[in-house]
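Please look through the structure shown below.

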Amino acid sequence: MTRAPAELRLVADRAAKALAAAGVPAAGDGVAVAVSGGADSLALLHALRTLAGPRDWRLAVVTVDHGLRPGSAADAAFVADHAKALGLPARVRTLAPADLSQHRQAGPEGAARAARYGALWPAADELGCRWLATGHTLDDQAETVLLQLLRGAGPDGLAGMAVRGGRLLRPLLGVRRAETRACCTAIGLEWREDPTNAGDRPLRNRVRQRLLPLLEELRPGATRALARTAALAADERDWLDRLVAETLAATLAAGVAGGMEGAAEGAVDSQAPPHPPWATLPDGAPTTRGAGPARLDAGPARLDAQALAALPVALARRVVRAAARQAGGPVPDAAATDRILGLPAD
């Protein structure tokens, strides 16, 4: 049997370590690989194919044609043909204008992202896959950290993307974009280039094309350093999660445990209006949220305002955000969180 090229083994080994640390997938699990036709997702597909046999994973391929540019249908067909050549089941989903318009409040890039995941998850379910894997790389992580810094995010935002977020897997967060390209070249794959990635209008593109290269010039290794910052912030967040959960339980208004009857006066309701378009985004994705007024009416997660006011502000912010998650609503941004903390306690 021919030994896999070193470039593929490198990507596969790092993916294996990332997934082993996350503790998933289990033997027999199905993994739907989101493949765009670019080098990152193709390298992911072939890395997982290398790993799947010994681990008894079932692989499938899903791809989305956004219909936003010439050539997108050809890219989707390329992915489907490649999956067929590998003997893997595949699903191609083509977005309609309505799929995008319902998410227009999130902006063009956010709407495309939300619609894409809205198509990927049903396709993964249809294929019987428990997990959806994407080809986000270490470079994507560094870009995300910079974007979060630019929007004034706190430590949780600086944690960037996680290898595992619910059913979403990102096995390549320890792999550089140059390494995915080297992997594809080594195995003789010609990947597709999305011309929209070359434009400078989206902020992420400008961070990728201008800011990161400048930072690398000023301090070689800046990209890896930014990704390391995300890992450190994620460790801190994970350590704090237990404290936040305990504090949230102690801060919930008394009426919650009793079905909301007799809820405390001045309780803060973390339930936001019905889920906005960006609520469909995966965790860690940059978002644009409207900051509506804080509400005091009854809801599924009401906080005792006096108890909240007595907390250190850093912990109180985390409690408010955790309450929003528990309520099933969108997590408030920094400005909305601070307005909630500024509500009178009596």
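**Cores, sheet and cysteines**

The largest nonpolar core has 34 residues, and Val33 and Leu48 are those with the most contacts inside it. A nonpolar core here is a set of buried Ala, Val, Leu, Ile, Met, Phe, Trp, Tyr and Cys residues joined through side-chain atoms within 4.5 Å; buried means under 20% relative accessible area, exposed over 50%, and partly exposed in between, with a 1.4 Å probe and protein chains only. The elements that give two or more residues to this core are α1 (6-22), β1 (30-34), α2 (39-55), β2 (58-65), α3 (72-85), β4 (131-133) and α8 (177-186). Of these, α2 gives the most, with 9 residues. Helices (H or I, at least four residues) and strands (E, at least two) are DSSP runs, numbered from the N terminus.

This is a predicted model, in which local features need pLDDT of at least 70 and side-chain atom pairs count only at pLDDT 80 or more, while totals for chains, interfaces and linings use all residues. Residues are numbered from 1 along each chain as its sequence is written, and side-chain values use heavy atoms, with hydrogens and water left out.

Which residues is Val33 in contact with, leaving aside its neighbours within four places in sequence? They are Leu44, Leu45, Leu48, Leu59, Ala60, Val61, Val62 and Ala133, where contact means heavy atoms within 4.5 Å. Apart from the 34-residue core lies another core, of 18 residues, among them Ala60, Leu95, Ala115 and Leu132. In soluble globular proteins, nonpolar side chains tend to be buried together.

The strands form an open sheet of 6, in the order β3-β2-β1-β4-β6-β5, with mixed pairing. Two strands pair if DSSP finds at least two bridges between them. β3 (90-94) and β5 (164-165) stand at the edges, each with a single partner strand, so one side of each has no neighbour in the sheet. β2 and β3 pair in the parallel sense over 5 bridges, and Val61 stands opposite Ala90 in β3. Helix α5 (residues 107-126) packs on the sheet and touches β1, β2, β3, β4 and β6 (168-169).

How many disulfides does a search of the whole structure find? The search finds 0, a disulfide being a pair of cysteine sulfur atoms within 2.5 Å. For Cys183, the closest cysteine sulfur is that of Cys184, 5.3 Å away, so the two are too far apart for a bond. Cys183 counts as buried, at 0% relative accessibility, and Cys129 is buried with a relative accessible area of 5%.

Technical notes
Axes fitted to C-alpha atoms, helices over the stretch in contact; angles between N-to-C directions.
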